[in-house]
Amino acid sequence: MSTEGLAKMLHAMKHRGPDDEGMYLDEHRQLGLGQVRLSIIDLTLGGHQPMWSKDRRHVIVFNGEIYNFLQIKNELINLGITFHSSSDTEVLLEAYIQWGTACLQRLEGMFAFAIYDFAKEGLFLARDRFGEKPLYYHASAEKQFIFASEIRALLTSGVVSPKLDTQNLHQFLSYQTVHVPNTLLAEVKMLEPAHCLWIDESGIKKENYWKLSFDRVRDTLPDARKNVRDLFMKSVGQRLVSDAPIGAFLSGGIDSTVLVGVASSMVKSFNTYTVAFDDSSFKDGYYAQVAATHFKTNHHEIKLSMEDVLHQVPLAIDTIDHPSADGVNTFIVSSAVKKAGIKVALSGLGGDEVFGGYDSFRLLSKLKSRAKWLNLVPAKLRHQAAAILNSSGAAIAQKKISRYLASDLSLAENYLLTRRFFFNDQLHSLGVSDVGCMERVENEVSSEVYSSVSNWEINYYMHDVLLRDTDQMSMANSLEVRTPFLDTQLVSYVLNLPDDFKYMDGINKSLLVNSLQEFIPDQLKTRPKQGFVMPFDRWMRNELIGYCESRLRFLEETRIFLPGSIMNLWQLFLQQSPGINWARIWLLVTLSNWIKVNTISQ
């Protein structure tokens, strides 16, 4: 790697760290390390990276935050180690020097980092437990290894070929993502959450250093509620540590309201932000104001017209580092909050996955209880009924019922159905093969349905869609997003509690609501769950029709799909066919734009 090549990679990610930049290049070892910094902890040059150990044996580049760094720092000081900065980077480096890979067991945070050991002539990389911070890499047969926080940096290096991995296209269109370690690029992998790598002359060794364990907690319901309250408050407190301005996204939903309630009990005049649209279908502004008034926060309602939002949509799509049907809303909210002067924002992401907030939790619980009765129906009859339901042009819900009847009725397979985008018959009509693309998730990890579904949501949908989208869209605006619901102890504890603690008396996420009820205004306790979804269905047939059609025509021209198949799907959408909704088409639009921006060819 040349100085010029490394500089290009850093430039491609300048939005992630506009405050500082550093490089180290050792031509003899063919080693290059670089970092662009968003200064959050220790705003001085004391936090500059790459950062060296005192004896110059180790050098680190680090992306993220170690929330318990002060606790680890005190532990290291008691061992006689001195520090020269107030940064968490120096604490992380010294922790690795002191404990080696075992330091990972002590870390609570979101991180992706690399440390080079000059004595062992090896590179150590690691990623946080839930995969909040990304780490992409390319390893060639010629023992060339490069890594970065974004795919675009790898492409800028000139080392990685911009070649679409068509074998992963079936999975991408089925689930709007490619599951780790794969990506849509043939030569790029993503390090899995809770994994680390060691690279030296002998090759690459990968290790899974942590995994959620399942051993049912026997606490009583009152004890469970107290423990959830204590663990969540501890998590929020850790994530409030910042030397830069900090605030929170406030939608008025249960998750963001609880989060803001706890934070405002710890920080006077805590900053809260809501993006309000001049569209009557968006109620977030009203509910957010109720919460902000209740907690006496320093509230900012950022008003945007639909014209403002529509203007930002193409920019958001150009920003995408790995395509997705989601993420535009995060880009727009992050842009508004960053312009308001905030560098760090707390988010309620993870609340639904941990506490069972999606309708799929209750649906899958019902399906499991009914499976024993459906199993009494001969498989032949179930398959015949499935074939009738799966007619051409069938609605998405009808197709899912068809797949359910034709399945082995396992909870794992039915979970996959809840996350399905395109179905096999639709993909075959596009010319996308499912050969070798059998999708599997691990078996049920618990006798409790909610625990198993939470495990799948966390390891698949949350990591491969939500966290990736949140990181790429917030960091595109130089904004760091922290997620208190993803505290390791909190998640491990809740996932080992029984289902009947989590859904009681028809209350959504009752365990969360009852554990922290003093932080939820009465008016919001019964608010129906409402996802933050912009009116893309309407826009794509009107204001964005030209934008969408041009991208879909480009996708036709790539010859990745059967001739005419993409535009046929587009016409079915415009005709409001029940089997094609906006999200499926939007996924193709973002895929097309990503291919065009990154000049990826087959």
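Here is a chat about how some features of this predicted model get their labels.

Me: Before we start, what makes a residue count here, and how are the numbers set?
Reply: Residues are numbered from 1 along each chain as its sequence is written, and since this is a predicted model, local features need pLDDT of at least 70, side-chain atom pairs count only at pLDDT 80 or more, and totals for chains, interfaces and linings use all residues. Side-chain values use heavy atoms, with hydrogens and water left out.

Me: Why is Phe69 called buried?
Reply: Buried means under 20% relative accessible area, exposed means over 50%, and partly exposed is in between (1.4 Å probe, protein chains only). Phe69 has a relative accessible area of 5%, so it is buried. You'll find Phe69 in helix α2, residues 69–78. Helices here are DSSP runs of H or I with at least four residues, strands are runs of E with at least two, and both are numbered from the N terminus. Phe69 and Leu107 are 38 residues apart in sequence, and their C-alpha atoms are 7.8 Å apart in space.

Me: What makes Asp230 and Lys226 a salt bridge?
Reply: The label needs a side-chain nitrogen of Lys or Arg within 4 Å of a carboxyl oxygen of Asp or Glu. For Asp230 and Lys226 the closest N and O atoms are 2.8 Å apart, and the pair forms a salt bridge. Both residues lie in helix α6 (residues 221–238), four residues apart, or about one turn of the helix.

Me: And why is Asp230 called partly exposed?
Reply: Its relative accessibility is 34%, so Asp230 counts as partly exposed.

Me: How do you know that Arg239 and Asp487 make a salt bridge?
Reply: Their closest N and O atoms are 3.9 Å apart, and the pair is listed as a salt bridge. This one links distant parts of the chain: Arg239 is in the loop between α6 and β12 (246–249), Asp487 is in the loop between β16 (480–482) and α18 (488–494), and the two are 248 residues apart. Both Arg239 and Asp487 are buried.

Me: What about Asp471 and Lys133: how far apart are the closest N and O atoms?
Reply: They are 3.0 Å apart, and the two residues form a salt bridge. Asp471 lies in helix α17 (residues 449–475) and Lys133 in the loop between β6 (122–127) and β7 (136–139), so the pair ties together parts that are 338 residues apart in sequence. Asp471 and Lys133 are both buried. They also belong to a network of salt bridges that links Arg16, Lys133, Glu150, Arg152, Asp321 and Asp471. A search of the whole structure finds 27 salt bridges.

Me: What makes α3 and α10 "mostly covered"?
Reply: In α3, ten of the twelve residues are buried, including Leu92, Leu93 and Trp99. In α10, ten of the twelve are buried too, among them Phe331, Ile332 and Val333.

Me: Why is Gln576 called exposed, and what is Ser269 called?
Reply: Gln576 is at 58% relative accessibility, so it counts as exposed. Ser269 has a relative accessible area of 45%, so it is partly exposed.

Me: Which peptide bond to Pro50 is cis?
Reply: The bond from Gln49 to Pro50 is cis, with omega near 0°. Pro50 sits in the loop between β2 (31–37) and β3 (51–52).
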